[in-house]
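Keep the viewer open and follow along.

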Amino acid sequence: MKFTQDKLGWEPWLEPPAEDELTDAHHDALVDRARAASPYFRLLALDPRVLHARTTTDNDIFYNADGGLPRAERELAATATSRHNGCVFCASVHARFAAHYSKRPDDVRRLLDDGVAAPQNERWRAIIDASVALTATPGALGADHLAALRAAGLDDLEISDVIHAAAFFNWANRLMLSLGEPA
Amino acid sequence: MTADTSADVSAGTTTDPTTDPTVDVIDTLAGIRPGSRLDLLRDRRPEAREHAQRAYEALFAPDSEQEVTLVERVALAAFVAGLHQDPAVARHYADRLAEHAPDLRTTIEREIEASRTVGPYGVYDEPSLAQESLIGPAYRAGRRAALGERLATALDHAHLLVFRPRESSRDALKRLLDAGWTTTGVVTISQLVAFLTFQVRVVAGLRLLGADR
């Protein structure tokens, strides 16, 4: 399946618990009750402590509106990371968010269609490059990446948000890729 | 233990850093001291800070070892951390392994040396992405008798997730099930490997930001 902003389904390769089998401990771990409808989150609920920690970490990195990087650019870092690791499902979800919050669907589409090296303006270039460098194993983020982020106008908190968004998607990409596939 | 020891992560201590609530492992590994610029920065995302630590504790001070034992957890962690080549993080998990399974330490070190590479890579099935496919090594742990087939298969999966996550497959999970892992065990080891790829990147990123003014 190619990279897309379309809504995709996701099918687990292992059988998650059915919705009516979930206990209170599972529901607590899901954080958002609506996630009981998702086979992905029901599967992760089999280890409820880790799922709860994963989701609360995720929510603060992406939704905490106390200053820092605009939501659009947190989603851009998530999209670039997912594009580079090759998580088609993750990229589809976060590309839609990045396009919606930035109102720059064409730039997001170029990132998906042509990849992380496709042309972007200076600020997006710096965010994408830092996310991709941090996604490499071993890590390749260096002082030159921070200098480019600062030159593009990012302060400490905004740079920290780029680091956390890209780092978190290394977690999220591998979990989704390990356990199932887009459908 | 206070953060004053954070500059020397190899300092001997009788405190278990997994369960001591005063020790934040990301702070320790990134060298972040109380009241420092990076400490204040981390406080701006307090839930992320706290729950990154809670995830670490859930994985390495688990409620139950029924699905994945502590020895299996620290062996996998030492392997994954070693693949990332961040000396402070690698040493932290190598020390946990030496503590819980000293007999596995050399075996894991040799598996790390034998399988270090540069990622992410992997082949895309999608025809329109074929030109982006990067063929690279599909590692299979060599010292399977010393590791035991169950742990060896988990290392195989960890290497897949670290370096070529796009090549994950139903067959890869079947190999884990065939080696004796349950569905819940597969979820936990997937979380463990994936979480570590987050933790090591936060540590590296914050350390770099702390050094940059």
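Before we look at pairs of helices, one term: an axis is a line fitted to C-alpha atoms, for helices over the stretch in contact, and angles run from 0 to 180 degrees between N-to-C directions. Keep in mind that this is a predicted model.

**Two helices in chain B**

- Start with helix 4 of chain B, residues 70–84, and helix 5 of chain B, residues 87–100: they pack at an angle of about 155°, and their axes are 8 Å apart.
- Angles over 145 degrees count as roughly antiparallel, and that makes helix 4 of chain B roughly antiparallel to helix 5 of chain B.
- The crossing of helix 4 of chain B past helix 5 of chain B is left-handed.
- On the helix 4 side of chain B, the residues that meet helix 5 include B:Leu70, B:Val74, B:Ala78 and B:His84. On the helix 5 side of chain B, their partners include B:Val89, B:Tyr93, B:Arg96 and B:Leu97.
- Sorted by class, this contact of helix 4 with helix 5 in chain B has 12 nonpolar, three polar and one charged residues.

**Two helices in chain A**

- Now switch to helix 7 of chain A, residues 122–135, and helix 9 of chain A, residues 156–179: their axes come within 9 Å and cross at roughly 45°.
- Helix 7 of chain A and helix 9 of chain A are therefore oblique to each other.
- This time, helix 7 of chain A passes helix 9 of chain A in a right-handed crossing.
- Helix 7 of chain A brings A:Ile127, A:Ala130, A:Ser131, A:Leu134 and A:Thr135 to the meeting, and helix 9 of chain A brings A:Val162, A:Ile163, A:Ala166, A:Ala167 and A:Asn170.
- By class, the contact of helix 7 with helix 9 in chain A has seven nonpolar, three polar and no charged residues.

**A closer look at helix 7 of chain A**

- Helix 7 of chain A has 14 residues and reaches 20 Å from its first C-alpha to its last, close to the 20 Å expected at 1.5 Å a residue.
- How much of helix 7 of chain A is buried? The count is 10 of its 14 residues, so helix 7 of chain A is largely enclosed by the rest of the structure.
- Among those buried residues of helix 7 of chain A are A:Trp124, A:Ile128, A:Asp129 and A:Val132.
- What do the buried residues of helix 7 of chain A pack against? The list is helix 4 (71–85), helix 6 (105–114), helix 8 (143–151) and helix 9 of chain A, together with helix 10 of chain B.

**Where the chains touch**

- The contact between the two sides takes 53 residues from chain B and 50 residues from chain A.
- In chain B, helix 3 (46–60), helix 4, helix 8 (149–163), helix 9 (170–178) and helix 10 (183–211) each supply at least two residues of the side that touches chain A.
- Helix 10 of chain B gives the most to that side, with 19 residues.
- By class, the side of chain B that touches chain A has 27 nonpolar, 14 polar and 12 charged residues.
- Helix 10 of chain B is mostly covered, with 25 of its 29 residues buried.
- At 1.5 Å a residue, those 29 residues of helix 10 of chain B should span 42 Å, which agrees with end C-alpha atoms that are 42 Å apart.

- B:Val193 is in helix 10 of chain B and is buried, with 27 other C-beta atoms within 10 Å. Setting aside neighbours within four places in sequence, B:Val193 is in contact with A:Arg174 in the other chain, and its chain B contacts include B:Leu76, B:Val80 and B:Leu161.
- A:Arg74 lies in helix 4 of chain A. Is A:Arg74 buried or exposed? A:Arg74 is buried, with 27 other C-beta atoms within 10 Å.
- A:Arg74 and A:Asp161 are 87 residues apart in sequence, yet 6.8 Å apart in space, C-alpha to C-alpha.
- A:Gly9 sits in the segment before strand 1 (10–12) of chain A and is exposed, with 10 other C-beta atoms within 10 Å.
- Beyond its neighbours within four places in sequence, A:Gly9 is in contact with A:Pro182 and A:Ala183.

Methods. Residues numbered from 1 in each chain as written. Chains lettered and ligands numbered in written order. Predicted model: local features only at pLDDT ≥ 70, side-chain atom pairs only at ≥ 80, totals over all residues. Helix = DSSP H or I, 4+ residues; strand = E, 2+ residues; numbered from the N terminus. Parallel < 35°, antiparallel > 145°, perpendicular 65-115°, else oblique. Left-handed = near helix turned anticlockwise from the far one by under 90°. Contact = placed C-beta atoms within 7 Å. Nonpolar A, V, L, I, M, F, W, Y, C, P; charged D, E, K, R; others polar. Expected span 1.5 Å × (residues − 1). Buried ≥ 20, exposed ≤ 12 C-beta atoms within 10 Å, placed from the backbone.
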